Amino acid sequence: MPRHRVSGAAVSVRDRLVGIADAQGFAAHGLHVRIGDETAEHRWTPDIREDVHSIAKGVCVLAVGMAAGEGFVRLDDTMADLLPDHELGDGVERVTLRHLLSMSSGIDLPWSETLMTDWPDLAREFLRRPSRGRVFQYSNASTYTAMTALGARVGDVGDYLSSRLFGPLGIEDVTWSRSPNGRIEAGGGLALRTEEVARLGLLIRDRGSWNGHRLVSPQWIAAMHEDGVVTGANPGYDRYALAGWRGPGRAWRLHGAHGQLLLFLDDAVVTVTAHDHAGADSFAAAAVDVLEETASAV
């Protein structure tokens with residue numbers, strides 16, 4: 001992996017991104033920049049844990065990757081195999097963990113603010129609906145159902161992640177909102193500080209290795225953002241892999257609602273927490289431009 005060699009690059013990028021956020025009026029809460037081994041941070045608001053929204057989907061992908069490494073599941077296990085006691089709609093017996101995590105199950109379940117409580121069991125409601133084939137549809141219900149399936153093999157997924165992921169990363173007492181069934185919400189509801197999200201970013205950047213210990217395979221990290229499903233023609237939202245969006249430019253990202261961002265480009269990771277849904281795309285594009293300029297200065 002290429003390494004930036006410009007001394008003070010992280011501080012320089014941090015300062016530029018703070019200026020861009022302020023100029024754009026982007027309502028950022030926290031910023032963490034890592035380039036190579038250098039880091040720099042900035043805060044606009046108090047340092048508290050906040051819902052990272054769909055960045056949680058990336059954490060769920062890591063959970064499946066670790067479970068696959070332990071032999072509990074495979075990415076191409078079907079719902080018929082993983083949840084044999086669930087009623088499956090037409091074609092859903094062929095839906096796999098891969099399809100759920102890449103939002104390509106073809107199962108239609110519109111988003112709502114009360115998604116977790118609209119039905120007695122969201123996963124059962126999701127799976128009993130028919131599949132239209134490998135059609136992309138972004139849905140928190142898809143990730144929730146994937147974690148329901150994973151839980152059938154590993155037990156409580158929140159507990160599983162506490163010992164296998166958050167513990168090794170030094171992130172303690174993690175709070176993850178749960179459904180009435182007691183399962184983690186999966187697609188959101190995970191509360192972390194900016195710097196804690198940045199630790200996840202470093203693990204991903206370093207291809208699943210943390211302080212010399214392998215937590216998840218490099219192949220799994222690659223699958224988070226390589227290839228992916230064609231989602232449409234909207235720049236920055238045209239291809240989705242396992243929780244990772246392609247773009248802006250050469251970068252890829254985990255992107256949560258209201259401006260939660262993990263941006264990856266070569267050996268750089270930019271972590272943002274915010275409350276600005278509309279401004280996130282412009283800030284992400286500007287941040288990648290700054291990273292490209294920094295890389296070209298090597």
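**Note on the predicted model**

1. Leu 202 lies in helix α8, where helices (H or I, at least four residues) and strands (E, at least two) are DSSP runs numbered from the N terminus. At 14% relative accessibility Leu 202 counts as buried; buried means under 20% relative accessible area, exposed over 50%, and partly exposed in between, with a 1.4 Å probe and protein chains only. Leaving aside residues up to four places away in sequence, Leu 202 touches Arg 34 and Trp 210, contact meaning heavy atoms within 4.5 Å. Between Leu 202 and Phe 264 the C-alpha to C-alpha distance is 9.6 Å, with 62 residues separating them in sequence.

2. On the basis of the note: this is a predicted model, in which local features need pLDDT of at least 70 and side-chain atom pairs count only at pLDDT 80 or more, whereas totals for chains, interfaces and linings use all residues. Residues are numbered from 1 along each chain as its sequence is written, and side-chain values use heavy atoms, with hydrogens and water left out.

3. As to the overall fold, the chain has 10 helices and 13 strands, and its C-alpha trace spans about 55 × 40 × 35 Å along the principal axes. A compact globule of 298 residues would have a radius of gyration near 19 Å, and the 19 Å of the chain agrees with this; the radius is taken over C-alpha atoms, and the globule rule is 2.2 Å times the number of residues to the power 0.38. Of the 298 residues in the chain, 55% are buried. Among contacts with a separation of 6 or more, 62% come from residues 24 or more positions apart.

4. Helix α2 (residues 55-69) and helix α7 (residues 157-166) pack at an angle of about 80°, their axes being 10 Å apart; axes are lines fitted to C-alpha atoms, for helices over the stretch in contact, and angles run from 0 to 180 degrees between N-to-C directions. The two helices α2 and α7 are therefore roughly perpendicular to each other, given that angles under 35 degrees count as roughly parallel, over 145 as roughly antiparallel, 65 to 115 as roughly perpendicular and the rest as oblique. From α2 the contact draws on Val 59, Leu 62, Ala 63, Met 66 and Ala 67, and from α7 on Val 157, Tyr 160, Leu 161, Arg 164, Leu 165 and Phe 166. By class, this contact has 10 nonpolar residues, no polar residues and one charged residue.

5. An open sheet is formed by three strands in the order β3-β5-β4, with antiparallel pairing; two strands pair if DSSP finds at least two bridges between them. The edges are taken by β3 (50-51) and β4 (175-176), each with a single partner strand, so one side of each is left without a neighbour in the sheet. Two bridges join β3 to β5 (residues 190-192), and Glu 50 has Leu 192 as its bridge partner in β5.

6. Arg 207, in the loop between α8 (194-205) and β6 (209-210), has a positive phi of about 60° and is partly exposed, with a relative accessible area of 38%. Asn 211, in the loop between β6 and β7 (213-214), has a positive phi near 50° and is exposed at 65% relative accessible area. The peptide bond from Gly 247 to Pro 248 is cis, with omega near 0°, and Pro 248 is found in the loop between β10 (245-246) and β11 (252-256).

Key
Ala, Val, Leu, Ile, Met, Phe, Trp, Tyr, Cys and Pro count as nonpolar, Asp, Glu, Lys and Arg as charged, and the others, Gly among them, as polar.
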